[in-house]
Amino acid sequence: MKIVAANLKMNLNYEEIKNYVQKIENYDNKNIIFIPTSIYAPYFLNRGYSVGVQNCYCMDKGAYTGEVSPSQIKSMGIDYVLIGHSERRIYFKEDNDLLNKKIREALKNNLKVIYCIGETEEERNLGKTKEVLKEELMSGLKDIDDEVIIAYEPVWAIGTNVTPTSLEIEDAISYIKSLYNYPTLYGGSTNDKNIEELNSIKNVDGFLIGGASLDVEKLEKIIKIVL
Ligand code: PGA
């Protein structure tokens with residue numbers, strides 16, 4: 001069964017999120033995962049959806065103002081956490097070492113981790129895509145035996161309306177699976193127009209969707225095709 005994960009990022013205010021939640025169908029499918037700004041998680045939990053948060057810290061509790069721990073996340077009934085999204089890596093300077101610590105703490109608390117990896121445009125142009133994927137996987141998952149979900153998100157494809165070709169995605173995901181044979185999602189400018197083609201790539205286990213997931217109609221079209 002494939003996964004559709006909606007990464008709402010830092011979008012929607014209180015009124016908008018209420019509308020959004022009201023509009024979504026009553027899916028009885030745990031493979032549809034809503035990943036809203038964390039303060040809105042209860043609205044999605046109340047409706048019985050699978051829920052994730054967009055980040056967590058690597059400690060259990062204590063004086064870490066502004067952070068949220070995996071044990072707190074789990075105690076809310078939230079099952080998933082995104083770790084290593086490129087926006088965290090770029091804007092908040094999160095490196096593979098820190099991400100490795102976060103993944104360990106999340107797994108220790110029985111959260112399902114969606115670990116994001118992907119090359120920048122510059123790295124792609126230098127022919128370094130596989131090198132980068134390998135480094136992010138090997139360091140991020142160092143000394144970790146538990147399975148995680150990988151999200152392959154080429155940084156240059158996020159929010160740009162440009163995607164790699166199906167062959168490029170298939171090739172990158174085969175490479176990822178040759179190193180870690182885990183469920184692997186594709187993310188980066190997935191929308192209701194290109195989903196049919198993306199969904200036909202044979203080794204893709206689902207999608208992490210940003211922009212298009214803010215529009216309930218688009219998201220529902222995607223869900224209908226994928227699940
Ligand atoms: P996008 O974002 O679908 O808007 O490109 C995907 C993501 O960042 O997870």
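This is a predicted model: local features need pLDDT of at least 70, side-chain atom pairs count only at pLDDT 80 or more; totals for chains, interfaces and linings use all residues.

User: How many residues surround the ligand, and which are the closest?

Analyst: There are 13 residues around the ligand. The closest are Lys9, His85, Glu153, Gly159 and Ser189.

User: What classes of residue make up that shell?

Analyst: Seven are polar, four are nonpolar and two are charged.

User: Let's zoom in. How far is the side chain of histidine 85 from an oxygen atom of the ligand?

Analyst: An N or O atom in the histidine 85 side chain is 2.7 Å from a ligand oxygen.

User: And glycine 210 and glycine 211? Which part of each lies by a ligand oxygen?

Analyst: The backbone, in both cases. For glycine 210, a backbone N or O atom lies 2.8 Å from an oxygen atom of the ligand. For glycine 211, a backbone N or O atom also lies 2.8 Å from a ligand oxygen.

User: How much of the ligand's accessible area does the protein cover?

Analyst: On its own, the ligand has 280 Å² of accessible area. The protein covers 95% of that.

User: Back to Lys9. Where does lysine 9 lie in the chain?

Analyst: It lies in a loop. That loop runs between β1 (3–7) and α1 (14–23).

User: What about the backbone of lysine 9: is phi positive or negative?

Analyst: Positive. Phi of lysine 9 is about 55 degrees, and this residue is not a glycine.

User: Why point that out?

Analyst: Because most residues other than glycine have a negative phi.

User: Which other lysine has a positive phi?

Analyst: Lysine 93 is one, with phi near 55 degrees. Lysine 93 sits in the loop between α4 (86–91) and α5 (96–108).

User: New topic. How many helices and strands does the protein have?

Analyst: Ten helices and eight strands.

User: What are the rough dimensions of the protein?

Analyst: Its C-alpha atoms fill a box of roughly 45 × 45 × 30 Å, along the principal axes.

User: What radius of gyration would a compact globule of 227 residues have?

Analyst: Near 17 Å. The protein has 17 Å, so the two agree.

Methods: Residues are numbered from 1 along each chain as its sequence is written. Side-chain values use heavy atoms; hydrogens and water are left out. A residue is near a molecule or strand if one of its heavy atoms lies within 4 Å of it. A polar contact is a pair of N or O atoms within 3.5 Å; within protein, one must be able to donate a hydrogen and the other to accept it, and residues adjacent in sequence count only if both atoms are side-chain atoms. Accessible areas come from the Shrake-Rupley method with a 1.4 Å probe; for residues, only the protein chains shown count as cover. Ala, Val, Leu, Ile, Met, Phe, Trp, Tyr, Cys and Pro count as nonpolar, Asp, Glu, Lys and Arg as charged, and the others, Gly among them, as polar. Helices (H or I, at least four residues) and strands (E, at least two) are DSSP runs, numbered from the N terminus. The radius of gyration is taken over C-alpha atoms; the globule rule is 2.2 Å times the number of residues to the power 0.38.
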